[in-house]
Amino acid sequence: MAAIEVDELVVRYPARRGDPGGPTTAVDGVSFEAHAGHVTALLGPNGAGKTSTVEVLEGYRHAVGGRVRVLGLDPVTEHHVLVRRVGVMLQGGGVYPGIRVREAVALFCAHYGGRTRPDDLLERTGLTELAHRTYRHLSGGEQQRLSLALALAGDPEVLFLDEPTAGVDVSGRLLVRRLVRDLADGGRAVLLTTHDLDEAEKVADHVVIVDRGRVVASGDPHELRASGDRIRFAGPSGIDVAALAAALGAPVHEASSGEYVVEAAPEPQRLAALTAWLAQHDLPLADLRAGRQSLEDVFVRLTTEESAATSAGRRRRSR
Amino acid sequence: MSAVSAQARVEVALTLRRGESLLLTLGIPVLLLVVFGLVDVLPTGTDDPVDFLAPGVLALAVMSTAMVGLGIATGFERSYLVLKRLGATPLGRPALVGAKIASVLVVEALQLAVLVPIAYLIGWRPPLAGWPLAIAAMALGTVAFAGIGLTMAGVLRGEVNLAAQNGCYLVLLLFGGIVFPLAELPAPLEAAAKVLPSSALAELVRTALTDPVSTSGWAWAVLAAWAVAAPLVAARTFRWW
């Protein structure tokens with residue numbers, strides 16, 4: 001059994017008063033699993049439906065459709081059981097502005113019956129020196145670390161971290177990443193959301209890319225990069241792509257004026273054929289990129305292709 | 001330490017740490033008591049103004065803690081998502097409400113411990129036999145005012161809630177027979193003021209601590225109605241985040 005199971009989840013928000021648009025579909029048939037011992041990242045731009053998905057798993061929000069299970073339990077009807085086994089970090093806030101760091105950690109430890117010691121949590125999250133500082137006097141990054149400490153107070157089996165490194169400085173980021181890694185290595189299931197590709201690539205074992213409420217790709221970061229292998233080059237605009245495609249035995253298209261993409265793995269043979277063909281036609285080569293793309297390339301491609309497809313669909317429907 | 005007592009301790013500590021809540025719960029009641037208790041300028045209708053003022057100020061103390069203090073704090077906790085975050089812990093809503101009740105009672109006990117000796121110092125001598133009734137009225141008043149404060153806290157945004165609580169406080173203070181008798185008001189206003197929870201509580205505490213056998217049935221009915229209706233409305237309309 002996966003620690004977290006999401007199957008065809010649909011979340012809608014009621015229409016706001018005065019808004020003629022009707023209800024908004026925030027999550028539109030999302031499915032994925034997250035396993036114990038793994039860090040799973042829900043990656044997507046703002047408004048992709050990441051927080052809505054996590055809030056259903058946390059029991060804060062009702063699903064309109066689909067089915068979710070956390071540790072095999074229903075997050076809404078079995079909330080009282082799950083709260084003891086799950087740790088939550090909200091995207092922001094959640095702490096009394098006037099409370100001191102140690103006081104907050106001790107309070108949350110008391111809520112879980114003293115399963116963890118406040119001083120240990122402060123040390124793990126690098127907050128020992130700030131123990132007597134008031135929440136409102138902490139920097140954004142320190143506040144995030146305190147929220148993370150509070151999420152760990154119950155020594156949870158499953159952790160939901162909503163944008164855990166947003167606004168965190170570089171050293172804080174390293175600390176959070178190491179902590180998240182240790183938690184997964186210790187057998188916890190960690191589900192985090194992020195819009196930061198770099199973060200997802202560095203910390204996650206499994207990435208689920210969401211956009212406009214749908215999963216557009218998922219896999220480990222390595223697989224996702226490999227799935228997008230292709231050759232890109234720049235040259236004069238208007239090259240005969242059909243002839244080039246025939247010569248290379250792979251589809252070629254002009255992505256934007258003078259920017260070409262060959263949909264094939266960048267093997268030396270194929271690169272040689274490409275440069276030879278260009279030389280034969282006396283065409284200059286301005287730029288050539290072959291090899292593994294970053295997750296960013298995958299992400300930008302997937303999220304823009306999706307939006308191009310939806311707007312094309314919309315145009316077709318409106319005709 | 002149990003979850004509820006840890007929560008209640010934090011609630012009390014945070015209340016006592018906030019300057020504006022100390023001003024409200026202790027500063028204003030002490031100031032009203034001392035100034036108008038010593039300077040006989042209000043039309044209290046009693047030989048010694050403190051005999052009228054001290055019970056009124058005790059009612060005011062209950063209102064400031066149970067309605068304004070609790071309501072403002074809870075409203076901000078709602079907008080800072082503290083209530084939402086606590087919802088993901090094993091504490092649970094009934095225990096959170098329980099902790100808040102406990103913290104209100106602790107602050108009220110502190111207020112009594114400060115206000116009653118000051119009133120004695122300026123010459124107040126209520127009959128000892130009246131205290132059980134006075135405390136019963138204050139307990140009922142706590143429920144009513146907490147219901148009103150939480151109703152506002154549960155639906156209004158942080159700053160709007162802050163303004164609404166303070167506005168209500170002022171109206172309930174001025175038209176509550178706390179610093180001057182309702183009889184001083186024009187007749188229509190006096191009639192309207194008689195259904196306010198503040199006037200009912202002030203009236204009950206005052207008669208209990210003057211002549212305990214003659215407390216008004218009307219005032220008990222008014223206060224009890226508020227104590228039933230306000231928490232029900234709060235529970236039905238409260239939004240946790």
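In this predicted model, 18 residues of chain A are in contact with 18 residues of chain B; two residues are in contact if their C-beta atoms, placed from the backbone, lie within 7 Å. Helix α3 (residues 101–111) of chain A supplies the largest share of the side of chain A that touches chain B, namely five residues. Helices (H or I, at least four residues) and strands (E, at least two) are DSSP runs, numbered from the N terminus. By class, that side of chain A has eleven nonpolar, four polar and three charged residues. Ala, Val, Leu, Ile, Met, Phe, Trp, Tyr, Cys and Pro count as nonpolar, Asp, Glu, Lys and Arg as charged, and the others, Gly among them, as polar.

Residues are numbered from 1 along each chain as its sequence is written, while chains are lettered from A and ligands numbered from 1 in the order in which they are written. As the model is predicted, local features need pLDDT of at least 70 and side-chain atom pairs count only at pLDDT 80 or more, whereas totals for chains, interfaces and linings use all residues.

Chain A has eleven helices and 13 strands. Of its 319 residues, 40% are buried. A residue is buried if 20 or more other C-beta atoms lie within 10 Å of its own, exposed if 12 or fewer, and partly exposed in between, with C-beta atoms placed from the backbone. Among contacts in chain A between residues at least 6 apart in sequence, 69% join residues at least 24 apart.

| Helix pair | Axis angle | Axis distance |
|---|---|---|
| α1 (residues 3–17) and α5 (residues 93–121) of chain B | roughly 45 degrees | within 8 Å |
| α6 (residues 131–155) and α7 (residues 158–174) of chain B | about 155 degrees | 8 Å |

Axes are lines fitted to C-alpha atoms, for helices over the stretch in contact, and angles run from 0 to 180 degrees between N-to-C directions. Angles under 35 degrees count as roughly parallel, over 145 as roughly antiparallel, 65 to 115 as roughly perpendicular and the rest as oblique.

The helices α1(B) and α5(B) are therefore oblique to each other. Their contact includes B:A3, B:V4 and B:Q7 of α1(B) and B:A95, B:L96 and B:G98 of α5(B). It is made up of ten nonpolar, four polar and two charged residues.

By the angle between them, α6(B) and α7(B) are roughly antiparallel to each other. Here B:G149, B:M152 and B:A153 in α6(B) meet B:N161, B:A164 and B:Q165 in α7(B). This contact holds three nonpolar, three polar and no charged residues.

Helix α2 (residues 19–38) of chain B has a kink of about 35 degrees at B:G27, shortly before the proline B:P29. The bend at a residue is the angle between axes fitted to the seven residues ending there and the seven starting there. B:P29 is one of the buried residues of α2(B), which also include B:L24, B:L33 and B:F36. Among the elements that cover these buried residues are α1, α3 and α5 of chain B.

Most residues other than glycine have a negative phi. A:E163 has a positive phi, near 50 degrees, and lies in the loop between β6 (158–162) and α6 (170–185) of chain A. A:E163 is buried, with 22 other C-beta atoms within 10 Å. B:L81 also has a positive phi, near 65 degrees, in the loop between α3 (49–79) and α4 (82–86) of chain B. B:L81 is partly exposed, with 18 other C-beta atoms within 10 Å.
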